[in-house]
Structure formats: C-alpha cells, structure tokens
Amino acid sequence: MDRIPVSTVLLTKNSAASLRTYFASMEEIDDIILLDGGSTDDTLTLAAEHPNCRVFPQDKRFIDEQGYIIDFSGMRNSGYALAKHKWILCVDADEEANPALLAEVREIVAKNEPAVYFAQRIFFYHGKPVVNFA
C-alpha cells in the first residue's frame, strides 16, 4: 500500500472501544503518533498491530494529578514535534476518516501547497447522521 505521507497525533487513555474503527480508517496514513495516558485496556495491544503507529507516553507537564489532560494544545504540540511528515491530519480516537477525506488529503499532499485545510465533519448518533443539534 502506498501510504499518504502525513502524520497524525492520537491522544488515548483506554480508547480500545473505538480504536478498531479508527485504525481501519487510517491504514493509508503513514505516521500515527499515539500519545497514551496509561491505558489499562487493549489500547496498546491494538496500536502494536499497526506498523504505521508509534506509541509514546503522554507528557506529564500537560496532565494533572488524576491523569487528566489539562493542556490539550501543549499535549498535541508535543506529539507534532515527533511527526515524520510536514503534513498533519487531525482525527481523534473516536472518529474515522472516510475514503473521500483520504482521497482529498492525498491530493492536497501531492499538490504540496502549504495552507490550513478544513474538512467538514459529519456526526452520527445511533448510526444516523445528526442534521441539527443545539
């Protein structure tokens, strides 16, 4: 498989319930940087099954005494510093990238025109897209 030369930072702590879907949707991405906050479920086992995923502990400077992230920007930036690629795609552990998004990302990277790009997100509730919400 010709992976897309893009990095992404994934913040996890006991995220195994959503990671199978996440990883299945991110197979085309070359560099997944997983910053784990001490998972005790199958999060790290699932990550180890994916050669495009590198695992690091979350930076303690950005975590409180209970282990909760208190500075998401700082935490993400610590992950971006580990990126193999200059292109960054943001997809969280409870999200998935669809084929249309990945095709668009592949096209953007191929053009190599530096910019910030926005992808419209579609939210689902019980398998149905959410059209209106407060």
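Mentor: The model is predicted, so local features need pLDDT of at least 70, side-chain atom pairs count only at pLDDT 80 or more, and totals for chains, interfaces and linings use all residues. Residues are numbered from 1 along each chain as its sequence is written, and side-chain values use heavy atoms, with hydrogens and water left out.

Trainee: What makes Arg106 and Asp2 a salt bridge?

Mentor: The term requires a side-chain nitrogen of Lys or Arg within 4 Å of a carboxyl oxygen of Asp or Glu. For Arg106 and Asp2 the N to O distance is 3.9 Å, so the pair meets the definition. By this rule the count comes to 7 salt bridges.

Trainee: Which parts of the chain does the pair Arg106 and Asp2 tie together?

Mentor: Arg106 lies in helix α4 and Asp2 in the segment before β1 (4-12), so the linked parts are 104 residues apart in sequence. Helices (H or I, at least four residues) and strands (E, at least two) are DSSP runs, numbered from the N terminus.

Trainee: Why is Asp2 called exposed, and Arg106 partly exposed?

Mentor: Buried means under 20% relative accessible area, exposed over 50%, and partly exposed in between, with a 1.4 Å probe and protein chains only. Asp2 has 61%, so Asp2 counts as exposed. Arg106 has 29%, and is therefore partly exposed.

Trainee: How do you know that Asp31 and Arg54 form a salt bridge?

Mentor: Their side chains meet at 2.9 Å, N to O. Asp31 lies in strand β2 (residues 29-36) and Arg54 in strand β3 (residues 53-57), so this pair ties together parts 23 residues apart in sequence. Asp31 is at 0% relative accessibility and therefore counts as buried, whereas Arg54, at 23%, counts as partly exposed.

Trainee: What about Lys111 and Glu107?

Mentor: The closest N and O atoms of Lys111 and Glu107 are 3.5 Å apart, which gives a salt bridge. Both residues lie in helix α4, 4 residues apart, about one turn of the helix. Glu107 is partly exposed at 47%.

Trainee: Where is Glu113, and what does Glu113 touch?

Mentor: Glu113 sits in the loop between α4 (99-111) and β4 (124-125). Contact means heavy atoms within 4.5 Å. Not counting residues up to four places away in sequence, Glu113 touches Trp87 and Ile108. At 47% relative accessibility, Glu113 counts as partly exposed.
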